[in-house]
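Student: Please take a close look at one part of this model. I would like a connected account of how its side chains are placed and what they meet.

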Amino acid sequence: LDIPRSDDFVVLQLTVSNTRTSEKKQALYRDIVRRLADDPGLRPEDVFINLVEVGKENWSFGNGVAQYV
């Protein structure tokens, strides 16, 4: 995509429920980049974000139970 990277390049991969709209995802990306630009001072071009979306049945928070099902 012709995005110039520096040695400060960071990859963030988040596993989330597949419940958010495209608009909410865009807002999340902007907010993460803004915060990382503020502190510790990363360039927006150096922040790569990947969401891994899974269904509610794919979560177990303990006790061998899929709590969202």
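Tutor: The face of helix H1 turned away from its buried side carries the exposed residues Glu 23, Lys 24, Arg 30, Arg 35 and Asp 38. Here, buried means under 20% relative accessible area, exposed over 50%, and partly exposed in between (1.4 Å probe, protein chains only). Helices (H or I, at least four residues) and strands (E, at least two) are DSSP runs, numbered from the N terminus.

The model is predicted, so local features need pLDDT of at least 70 and side-chain atom pairs count only at pLDDT 80 or more, whereas totals for chains, interfaces and linings use all residues. Residues are numbered from 1 along each chain as its sequence is written, and side-chain values use heavy atoms, with hydrogens and water left out.

H1 has 17 residues and reaches 24 Å from its first C-alpha to its last, close to the 24 Å expected at 1.5 Å a residue; the expected span is 1.5 Å times one less than the number of residues. The buried residues of this helix are Lys 25, Ile 32 and Val 33. They lie on the same side of H1 because they cover an arc of only 95° around the axis, the arc being that of the directions from the helix axis to the C-beta atoms. These buried residues of H1 pack against E1 and E2, contact here meaning heavy atoms within 4.5 Å.

Lys 25 lies in H1, which spans residues 22–38, and counts as buried because its relative accessible area is 16%. Leaving aside residues up to four places away in sequence, Lys 25 touches Arg 20, Leu 51 and Glu 53. The side chains of Lys 25 and Glu 53 are joined by a polar contact of 2.8 Å. Such a contact is a pair of N or O atoms within 3.5 Å; within protein, one must be able to donate a hydrogen and the other to accept it, and residues adjacent in sequence count only if both atoms are side-chain atoms.

Side chains of opposite charge can pair when their charged atoms come close. A salt bridge requires a side-chain nitrogen of Lys or Arg within 4 Å of a carboxyl oxygen of Asp or Glu. The whole structure contains 6 salt bridges. In one of them, Glu 53 pairs with Lys 25, with the closest N and O atoms 2.8 Å apart. This pair links distant parts of the chain, since Glu 53 is in strand E2 and Lys 25 in helix H1, 28 residues apart. Glu 53 is partly exposed, at 36% relative accessibility.

Arg 34 is partly exposed at 42% relative accessibility, and Asp 31 is partly exposed at 27%. Elsewhere, the side chains of Arg 43 and Asp 46 meet in a salt bridge (3.0 Å, N to O). Arg 43 counts as partly exposed, at 33% relative accessibility, whereas Asp 46 counts as buried, at 0%. Salt bridges that share partners join Asp 31, Arg 34, Arg 35 and Asp 38 into one network. Arg 35 and Asp 38 are also among the exposed residues on the face of H1 turned away from its buried side.

The aromatic side chains complete the account. A search of the whole structure finds 3 aromatic pairs; rings of Phe, Tyr and Trp (its six-membered ring) pair if their centres lie within 6.5 Å, and planes under 30 degrees apart count as stacked, over 60 as edge-to-face and the rest as tilted. Phe 9 and Phe 48 form an edge-to-face pair, at 6.4 Å centre to centre and 65° between the planes. This pair also links distant parts of the chain: Phe 9 is in the segment before strand E1 (10–17) and Phe 48 in strand E2 (residues 47–54), 39 residues apart. Phe 9 is partly exposed, with a relative accessible area of 35%, and Phe 48 is partly exposed at 37%. The ring centres of Phe 61 and Tyr 68 are 5.4 Å apart and their planes stand at 75°, so this pair is edge-to-face. Phe 61 is exposed, at 52% relative accessible area, whereas Tyr 68 is partly exposed, at 45%. Trp 59, Phe 61 and Tyr 68 form one aromatic cluster.
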